[in-house]
Amino acid sequence: MKEDIMNHFEAARHLLREFKGEAYVFGNHVLGDVGGTIASCGRRAVLVRPGFAGAEDYVGVIRDSVARAGVDLVAEVRGARPNAPREDLLPMVETFRRSEPDVIISSGGGSIIDATKAATVLWTLGGEIDDYFGTGLVGEKLERDGAKLISHAAIQTAASSGAHLTKYANITDLSTGQKKLIVDEAIVPARPIFDYTVTHQAPPELTADGALDGMAHILEVFYGAVGKPHYEKLCSIAQTGISLIVNYLPQVLQNPHNVEAREALCLATDLGGYAIMLGGTNGGHLTSFSLVDVLTHGRACALMNPYYTVFFAPAVEGPLRVIGGVFHRAGFLSQDPEALSGRELGTAVAEGMFAFARAIGFPTTLNEVQDFTDAHIERALTAAKNPQLQMKLENMPIPLTAEMIDEYMGPILEAARTGDVTIVKNV
């Protein structure tokens, strides 16, 4: 069993090299050599950096490395708060305008990297951030204006969103509690970097939230890949990435200094980034965007995906047998998924997900979440009908139209409120 799990490490590294080639610098103890990678993009840099306690140590390593490589660090600006509030973009945009860099370095978790992507768009193209929510709108305007985004070197510090690898930028309106999304190939960072050892100091809650965000990326894209050309690739990513998370996250929570387990989570969440460049997330992510004021993103996705699993079950039997097999071998699912089908299979896999969530101290129902109210369900149903989030409906293995939201998504949210999966209504 140990040998089988260790094989997932090499499989993950192979998949990531296949995904990004030489452009991606990742692994243990790589941060001190990032200067040369950044110098290949430009010589005048602005650093978007985190403000949390303890960040100064590795920010200092970045400064020293770029200086040795002959890069002039012309300005630093604090990055966005969690969930990348839209208000946090303006100081970044103003710093870019004043400094006129030819490369932007972001260092932080997904929120800082996402905000840097969005701020770079606003600096280059102007307008309001609402102009770019949706799919492909940045690239379209760049083409119309004959413009180009400058290079972005994204230095990830958390095993979580895979933001350093992807075309997504999540931005939140704090006044409404709603998150929206820019999806565009034009905003993929030119130089992704991730020193896995930086995650060793991450607290348990942040570690678990990030790991479950990465799992949701793989899970949701895999569900939507049935019948598509990249299905077999998603099988490999899911088998590898979800196995690493399910087997190693409990170990990290028991021993945060477990180096092998930390690397497993980094590799797995990077595979989540690969997954969302092959396909899109859907139900769990869509609902999570309306729960930002009461749940972290990873926790919201982890809570919602078992209920969407029951809803999607008749259309995703292949993925469910792969995922169910992972939970079965790890001891979280008593039934062999190979013997099940349809809704029964979906319900069994959902129960395995619930068992895993309980083992790591995650809630399994919305009623367990402090400050959750009926207004969150109404917000989620309303958001699902917004054209700016339409891509999430289209990515579902059972696509929904805005007219179907109340009839089918409504029962999913009601099931998530109480934990009663029997009220989920299949199409």
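Trainee: Why is the sulfur of Cys266 too far from the closest cysteine sulfur for a bond?

Mentor: A disulfide is a pair of cysteine sulfur atoms within 2.5 Å. The closest cysteine sulfur to that of Cys266 belongs to Cys301 and is 19 Å away, so the two are too far apart for a bond. The structure as a whole holds 0 disulfides. Please keep in mind that this is a predicted model, in which local features need pLDDT of at least 70 and side-chain atom pairs count only at pLDDT 80 or more, while totals for chains, interfaces and linings use all residues. Residues are numbered from 1 along each chain as its sequence is written, and side-chain values use heavy atoms, with hydrogens and water left out.

Trainee: Does Cys266 count as buried or exposed?

Mentor: Buried means under 20% relative accessible area, exposed means over 50%, and partly exposed lies in between (1.4 Å probe, protein chains only). Cys266 has 0% relative accessibility and therefore counts as buried, and Cys235, at 15%, counts as buried too.

Trainee: How many aromatic pairs does a search of the whole structure find?

Mentor: A pair of aromatic rings is described by the distance of the centres and the angle of the planes. Rings of Phe, Tyr and Trp (its six-membered ring) pair if their centres lie within 6.5 Å, and planes under 30 degrees apart count as stacked, over 60 as edge-to-face and the rest as tilted. The search finds 14 aromatic pairs. In one of them, Tyr223 and Phe312 have ring centres 6.0 Å apart and planes at 75 degrees, so this pair is edge-to-face. The pair links distant parts of the chain, since Tyr223 is in helix α7 (residues 204–223) and Phe312 is in helix α11 (residues 297–312), 89 residues apart; helices here are DSSP runs (H or I, at least four residues), numbered from the N terminus. Tyr223 is buried, with a relative accessible area of 0%, and Phe312 is buried at 0% as well.

Trainee: Which residues form one aromatic cluster?

Mentor: The cluster is formed by Tyr223, Tyr308, Phe311, Phe312 and Tyr408.

Trainee: Which charge lies over the face of Tyr408?

Mentor: A charge sits over a ring if NZ of Lys or CZ of Arg is within 6 Å of the ring centre and within 35 degrees of the ring normal. For Tyr408 the charge is that of Lys425, at 5.3 Å from the ring centre. Arg299 lies over the face of Phe362, at 4.1 Å from the ring centre.

Note on methods:
Helices (H or I, at least four residues) and strands (E, at least two) are DSSP runs, numbered from the N terminus.
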